[in-house]
Amino acid sequence: MDPSAPGWAARLLALLRRHRVFAAAFGVGAVLRLVTMLGYGPAMWFNDSYEYVSVALHPRPHPIRPDGYSFWLMLLQPFHSFTLVVFTQHLMGLATAALIYALLRIKFRLPKWGATLAAAPVLFDAYQIQLEQLVMSDTLFMLLVVGVISLVLWKRRLTWKAGAVIGLLLALTWLTRSIGLPILALVVLYLLVKRAGWRPVTAVLTACAIPVLAYMGWFASAYGKFAMTNSDGLILYMRTAIFADCNKMDIDKYREVELLLLCINDPVDQRKDYAQWYLWGQGNGDGTGTGEVLHRWGTNKKWSEITNEAASAFATRAILSQPGDYLQVVARDFLRSFHWSRPRFPDESTYNMYEFKPYVQIDETGQPKRLPKWSSYAGGRTDTDAFAYEQGPPETRIVHPWADIMAGYQKVFYLRGIMLGGILLIGLYGVVVRWRTFGGPVVLPWLGSVGLLLAPAATAEFDYRYVLPAVPLACIAAAITLRRGVTWGRRSPRRRKASESTTVRA
């Protein structure tokens, strides 16, 4: 070993000096996350959070969503700390920003300030930081998606070993959120168009299939169905319930009784304007009126394979019978992503779960609000499971002045929807001008971003937390587009190919 070689500390300082712009932004992002943890410990909660915790304590396949995030909670369970859980999620957010910077700076030769600007929404967006403080799967999902896209773009010639790593990451993505399946299809299609070769594509598919098939086998042992969930049909039913008109669906009342049971009695113009009501609402107790009609099967059978298949058949019939109405609600929800402000949607309760509140929430008795006492699908009860995981009170504690700082920060510092629309338009421009190469490297992150926004609108319903994982991919696509400026001029194929693949030392 050369005694004159600089130590690790000296090398780290030299690295920070070379990338001082990003290092400064990274440091500010880290401080904001520290303030959040001080103000809202040990964690913040969403309605889905409790089921993730329950599965971690009582491992079994969940009928509604894959268990990937619960596996992560299971790994951290011996520490009995939701503070540690959200700390790892803040690290994931920072790691996502670092991946964006490294990809754009090293692979695509963006200037340091440009690569830092592309990572800025992840570092500074208040709603991104708040999402990391929630016990939810979205931050892990975002890191996995950005990791997959970065690795695919980084490798000029993909080997089968790199393909296996990509496939494994795609499997983890799919196991974390069901939307990982379209990401897999997009990556495989991109590799085929790029002519990456049969070995890496086979490696991607094989490495992805093994964990996913193992999970589906586990699911089959619990529910008798080789699948990931028992909810895809029910969620699609929720999507169509706000416009489905059984008078237009040509249902045979003698042979298709199960579809008739899913018909909603209310006229279309009197229904709720948000789809979640028709899956999660409590109904009127008799399966009629504005309530959620799935209670006609009984609460215990709601997530059964029979109900899911009937709901899927109903939703498919509604879409085929009323394609215009379906496209209208999909377009409406897709466009919600691009508002200047954040309208209170789908309801006040859900909207408030994404807000930093500088005060303790009070229940109807005037006492500090406790965690809900729901029975979990994995067994146990949501509030006692959360207490058992933490080995102490799991409710969010509001601590001043840190909570006040983040509540004020959130009112100003977040990526407006119209800004995201502009970023996507820049990426679209980058795809169009590279039409001879099918969009070049811009098309993968751009389609990934649009797909992450469009898929919930098409299969479920718009939700603000679904927008955030799409932002990093949109920024990557826009940054690649702008790295040599906006121009419609033509370059020679040789020069264009060289510019797409050249790398520089960090």
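The questions and answers below go from the whole chain to single residues.

Mentor: This is a predicted model, in which local features need pLDDT of at least 70 and side-chain atom pairs count only at pLDDT 80 or more, whereas totals for chains, interfaces and linings use all residues. Residues are numbered from 1 along each chain as its sequence is written, and side-chain values use heavy atoms, with hydrogens and water left out.

Trainee: What pLDDT does the protein average?

Mentor: The pLDDT is the predictor's confidence in each residue, from 0 to 100. At least 70 is reached by 90% of the residues, and the average for the protein is 89.

Trainee: Over which residues does the pLDDT stay under 50, with eight contacts beyond four places in sequence?

Mentor: Where pLDDT is low, the predicted coordinates should not be read in detail. A contact means heavy atoms within 4.5 Å, and the stretch with eight of them beyond four places in sequence, where pLDDT stays under 50, is residues 487-493.

Trainee: And how many contacts beyond near neighbours in sequence does the model have for residues 498-506?

Mentor: The pLDDT is below 50 over residues 498-506 as well. Beyond near neighbours in sequence, the number of contacts for this stretch is 21.

Trainee: How many helices and strands does the protein have?

Mentor: Both kinds of element are DSSP runs numbered from the N terminus, helices being H or I with at least four residues and strands E with at least two. On that basis the protein has 24 helices and two strands.

Trainee: What percentage of the 506 residues is buried?

Mentor: Buried means under 20% relative accessible area, exposed over 50%, and partly exposed in between, with a 1.4 Å probe and protein chains only. Of the 506 residues in the protein, the buried ones make up 53%.

Trainee: How far apart are the end C-alpha atoms of residues 442-460?

Mentor: The unreviewed UniProt entry lists 442-460 and 166-193 among its "transmembrane region" spans, although such annotations may be inferred rather than shown by experiment. Residues 166-193 are 89% helix and 0% strand, with end C-alpha atoms 17 Å apart. Residues 442-460 are also 89% helix and 0% strand, and the distance between their end C-alpha atoms is 27 Å.

Trainee: Which residue meets Asp48 in a salt bridge?

Mentor: A salt bridge is a side-chain nitrogen of Lys or Arg within 4 Å of a carboxyl oxygen of Asp or Glu, and the whole structure has twelve. The side chain of Asp48 takes part in one of them, at 3.4 Å from N to O, and its partner is Arg65.

Trainee: Why does that pair tie together parts that are 17 residues apart in sequence?

Mentor: Asp48 and Arg65 are both buried. Asp48 lies in the loop between strand S1 (40-41) and helix H3 (49-57), and Arg65 lies in the loop between H3 and helix H4 (68-76), so the parts tied together are 17 residues apart in sequence.

Trainee: Is Glu395, which meets Arg370 in a salt bridge, buried or exposed?

Mentor: The N to O distance between Arg370 and Glu395 is 3.5 Å. Arg370 lies in the loop between helix H17 (348-352) and helix H18 (382-390) and Glu395 in the loop between H18 and strand S2 (397-398), so the pair ties together parts 25 residues apart in sequence. Arg370 counts as exposed, at 55% relative accessibility, whereas Glu395, because its relative accessible area is 14%, is buried.

Trainee: Near what value is phi of Phe438?

Mentor: Phe438 is found in the loop between helix H20 (417-433) and helix H21 (443-459), and at 60% relative accessibility Phe438 counts as exposed. Its phi is positive, in a residue other than glycine, and is near 55 degrees.
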